[in-house]
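Please open the model in your viewer and keep the selection tool at hand.

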Amino acid sequence: MLEKLESIQTEALEALASVSDEDSLQAWKVAHIGRSSPVMDVFKSMGSLSKEERPVVGQQANQVKQALEAAFEEKAEMLKQAAIQSSLEGERLDITMPGRTQVRGRLHPVTQTIRQISDIFAEMGFQVYRSREVETDEMNFQLLNFPPHHPARDMQDTFFTTQEGIIMRTHTSPGQVRAMREYAAENPKSPPPVRVILPGMCYRYEQVTARAEMQFTQIEGLAVGHNITFGDLKGTLSDFARRMFGQNVRTRFRASYFPFTEPSAEMDVECFVCGGEGCPVCKQTGWLEILGSGMVHPTVLRNGGYDPEKYTGFAFGMGPERITMLKYRIEDIRNFWRNDMRFLEQF
Ligand code: DAH
């Protein structure tokens, strides 16, 4: 019996040596340490042994069983490690491979300028009001105090549509009337104060040159309320210039003419290219014209639903392309809408 146990062990270990996968390991377990394996048969036949043989064979059978169980555990662990190893090797990452670079998007330079200007006016309490690009002739001209055949209309060559009286807006100023009317509608007897800026695209039927495009943006501003004075206009716009072009920049106001403001003024800032010395950018004047402005004409206030006896206001308009051109010394306005990535990628 003892010899038989020895050969059971030897055969079982030999069989285990050739096991190399999980399925045959499980089959080996059933055959060699399972309920009807040779070792277990030895236990079952113990009844037929003599009293002297029984403890000796029993002890030996136990040892064989434990040895086989231990060998099974060891083999199982080996197979597990081998499986991990082969999956690591099969899925190995090559960290030296070059990465794919992502092309980063960016905002159009004019959009950047519009946002910068909007942020400055937002800090001063102005809200952004979006007005339409397709306008009526009435809004674009008549309600802004351009009489029907006024020569000032010639300043703004208009794109007409096939629909009578409907045009592409030539400036953002008609948004003034729309904004005032919307505010006034809230309380027609005593309209609330207005503080808005109106950014947006404008269109003019013009010969396209390095200095003029037929499509361009403007930012309009409007403040209406009680006791608003020309001093408020100057203070607000000079403060804007300092925030936009630097704390030390000097400004000057020159008298001008617009039908929808009275009095009207244009604001210049000291040339930030030459510091006022005179250079090609400021055409040797030392000053750069930045915007048009003025006190809102009484007729325009009335058209917006604000009684000019009780309310006053100021307005201004500027061209973000022009400001962007001055800032980066861009010499040709046509670059902005040409969509040449080599130009746009610089900003
Ligand atoms: N609308 C004028 C233009 O297109 C710009 C302008 C000038 C707007 C004076 C204003 C203003 O609000 O007060 O040239």
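The stops below go from the whole chain to single residues.

**The two domains**

Please bear in mind throughout that this is a predicted model. Begin by selecting residues 2-90 and then residues 109-344, which the domain assignment gives as domain 1 and domain 2. Taken over C-alpha atoms, the centres of these two domains are separated by 94 Å.

**The largest nonpolar core**

Next, select Phe-121 and Met-318, the residues with the most contacts inside the largest nonpolar core, which has 39 residues. Several elements each supply at least two residues of this core, among them helix H5 (109-123), strand S5 (215-225), strand S8 (287-296) and strand S9 (312-318). Now colour helix H8 (230-245). The largest share of the core, 6 residues, comes from H8. In soluble globular proteins, nonpolar side chains tend to be buried together.

Keep Met-318 selected and display its surroundings. Leaving out residues up to four places away in sequence, Met-318 touches Ile-117, Phe-121, Thr-217, Gln-218, Ile-219, Phe-240, Ile-290, Leu-291 and Ile-323. Another core, of 25 residues, lies apart from the largest one; Ala-179, Val-194, Tyr-311 and Ala-315 are among its members.

**Gln-218**

Is Gln-218 buried or exposed? Its relative accessible area is 14%, so Gln-218 counts as buried, the limit being under 20%. A polar atom of the Gln-218 side chain lies 2.9 Å from the backbone nitrogen of Thr-172. Apart from neighbours within four places in sequence, the contacts of Gln-218 include His-171, Leu-198, Pro-199, Gly-200, Cys-202, Arg-204 and Pro-320.

**The ligand**

Select the ligand and show the 16 residues around it. Which of them come nearest? They are His-171, Ser-173, Arg-204, Gln-218 and Glu-220.

- Glu-220: a polar side-chain atom lies 2.6 Å from an oxygen atom of the ligand.
- Gln-176: an N or O atom of the side chain is 3.1 Å from an oxygen atom of the ligand.
- Ala-315: here a backbone N or O atom lies 3.2 Å from an oxygen atom of the ligand.

Taken alone, the ligand exposes 360 Å², and the protein buries 91% of that area.

**Backbone details**

Select Glu-262 and Pro-263 together. These two residues are joined by a cis peptide bond, with omega about -5°. Pro-263 has its place in strand S7.

Move on to Asn-145, in the loop between helix H6 (137-140) and strand S3 (166-168). Its phi is near 75°, a positive value in a residue other than glycine. With 22% relative accessibility, Asn-145 counts as partly exposed.

Finish at Lys-283, which is found in the loop between S7 and S8. What is the phi of Lys-283? It is positive, about 50°, although Lys-283 is not a glycine. Lys-283 counts as exposed because its relative accessibility is 57%, and exposed means over 50%.

Key:
Residues are numbered from 1 along each chain as its sequence is written. This is a predicted model: local features need pLDDT of at least 70, side-chain atom pairs count only at pLDDT 80 or more; totals for chains, interfaces and linings use all residues. Side-chain values use heavy atoms; hydrogens and water are left out. A nonpolar core is a set of buried Ala, Val, Leu, Ile, Met, Phe, Trp, Tyr and Cys residues joined through side-chain atoms within 4.5 Å. Buried means under 20% relative accessible area, exposed over 50%, partly exposed in between (1.4 Å probe, protein chains only). Helices (H or I, at least four residues) and strands (E, at least two) are DSSP runs, numbered from the N terminus. Contact means heavy atoms within 4.5 Å. A residue is near a molecule or strand if one of its heavy atoms lies within 4 Å of it. A polar contact is a pair of N or O atoms within 3.5 Å; within protein, one must be able to donate a hydrogen and the other to accept it, and residues adjacent in sequence count only if both atoms are side-chain atoms. Accessible areas come from the Shrake-Rupley method with a 1.4 Å probe; for residues, only the protein chains shown count as cover. Domain bounds come from an automatic or database domain assignment.
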